[in-house]
Amino acid sequence: EIFLPSLTKYMMQNPQILAALQERLDGLNGSTSGYMESLPKVVKRRVNALKNLQVKCAHIEAKFYEEVHELERKYAALYQPLFDKRSDIVKAAYEPTDEECEWKIDEEEELTDEMKEKAKLEEEKKDEEKEDPKGIPEFWLTVFKNVDLLSDMLQEHDEAILKHLQDIKVIFSAPGQPMSFTLEFLFEANDFFTNTVLTKTYKMRAEPDESDPFSFDGPEIMCCTGCTIEWTKGKNVTLKTIKKKQKHKGRGTVRTVTKTVPNDSFFNFFTPPEDFEIGHFIRERIVPRAVLYFTGEAIEDDDDDYDEEGEEADDEEGEEEADEENDPDYDPKVSLHVPPLKISGVLTKTLLSRSQLHWLRVLFPKSEAVLTVGH
């Protein structure tokens with residue numbers, strides 16, 4: 001017999017039990033209750049009619065997203081002059097007027113006269129110490145470094161190149177063409193490659209899959225294509241040279257062999273792996289709100305969209321405990337946390353009570369282990 005207080009230790013020492021439980025739980029994923037099979041034939045016939053209606057709904061939904069794409073294209077044209085001006089300011093092609101540079105500080109951020117004067121003096125001191133910078137130096141590099149999704153791709157050797165990045169544009173497919181979008185990375189002349197524009201195109205499926213129409217949930221990226229970077233000799237950061245020693249099997253002599261192997265770099269982005277999430281994030285968040293990612297304000301907004309995992313877990317745990325307390329069969333002396341179990345690819349925290357032990361026995365009717373409640 002396995003008493004409940006020692007269940008965690010027992011299961012940790014017997015991975016076969018955890019594996020068997022996982023297999024049984026995974027086997028339940030996607031399985032039907034048997035209700036549909038039990039329906040009379042005439043009712044099943046009517047359900048099929050409803051499913052045909054659902055397919056028609058999916059095709060109407062596809063038309064809706066086509067019109068959304070047309071709206072995106074329309075408003076992209078309205079945004080573009082503003083983005084072009086942003087680019088001109090960043091690369092020092094345009095100097096904004098005093099009026100354009102005025103920014104109203106929120107009441108919460110209002111500074112005292114003393115703090116304003118101190119900040120002004122410090123700013124003037126810094127301006128005296130350094131040369132007059134042009135535009136907004138390292139604008140896009142700073143954006144990339146501020147965003148975890150992008151900074152994870154950056155290597156130290158990429159930074160010198162990204163200092164030359166002047167703009168990123170989103171180009172939508174033309175009317176009547178299959179739905180897609182292209183990211184254009186515009187670079188000033190540099191010593192690393194001769195391209196002035198690097199591109200990556202994402203092709204999208206905008207209609208339901210005939211073989212699985214119920215899976216349609218709006219346009220989805222299906223594939224992407226990058227571009228060839230024309231690297232200057234010796235400047236290709238996506239490759240590195242390594243030296244390996246090889247020993248001759250017969251003579252025993254040793255020679256050194258030089259090999260070129262792939263190297264971690266942001267610029268592998270243009271020789272696609274299927275990085276749909278990154279492309280979508282650049283299109284939806286980075287390009288429209290670049291200045292806020294530069295200042296860090298957008299990152300704070302993104303953080304506000306998520307609860308801390310610990311707090312979330314605590315809330316869920318509290319709810320579970322409340323549910324258990326309302327259960328007339330619940331006894332706090334016989335509940336126990338066990339290691340997280342992976343159910344259909346999701347990690348969940350499981351709290352065992354009498355009723356849950358009952359289901360373990362249902363899942364494992366022939367298990368050699370006998371689960372009993374310890375007091």
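**View 1. Cys 223, a partly exposed cysteine.** Partly exposed here describes a residue whose relative accessible area lies between the buried limit of under 20% and the exposed limit of over 50%. In this predicted model, Cys 223 falls in that class because its relative accessible area is 30%. Which cysteine sulfur is closest to that of Cys 223? It belongs to Cys 224, and at 7.0 Å the two sulfurs are too far apart for a bond, since a disulfide needs them within 2.5 Å. The structure as a whole holds zero disulfides.

**View 2. Helix 4, from residue 41 to residue 90.** Where does helix 4 bend? Look at Tyr 79, where the angle is about 35 degrees, with Pro 81 following within four residues. After helix 4 comes Ala 92, which has a positive phi near 70 degrees.

**View 3. The buried residues of helix 4 and their cover.** Among the buried residues of helix 4 are Ala 58, Ala 62, His 69, Arg 73 and Phe 83. Their cover includes helix 7 (139-146), strand 2 (165-172), strand 3 (180-187) and helix 11 (290-295).

**View 4. Phe 144 in the largest nonpolar core.** This core has 45 residues, and Phe 144, Phe 185, Phe 266, Phe 267, Phe 269 and Ile 282 have the most contacts inside it. Helix 7 gives the most to the core, with five residues. Leaving aside residues up to four places away in sequence, Phe 144 touches partners including Leu 150, Leu 154, Ile 168, Phe 185 and Phe 266.

Terms used:
Residues numbered from 1 in each chain as written. Predicted model: local features only at pLDDT ≥ 70, side-chain atom pairs only at ≥ 80, totals over all residues. Heavy atoms only, no water. Buried < 20%, exposed > 50% of the residue type's maximum accessible area, 1.4 Å probe, protein only. Bend = angle between axes of the 7 residues up to and from the residue. Helix = DSSP H or I, 4+ residues; strand = E, 2+ residues; numbered from the N terminus. Contact = heavy atoms within 4.5 Å. Core = buried A, V, L, I, M, F, W, Y, C linked by side-chain atoms within 4.5 Å.
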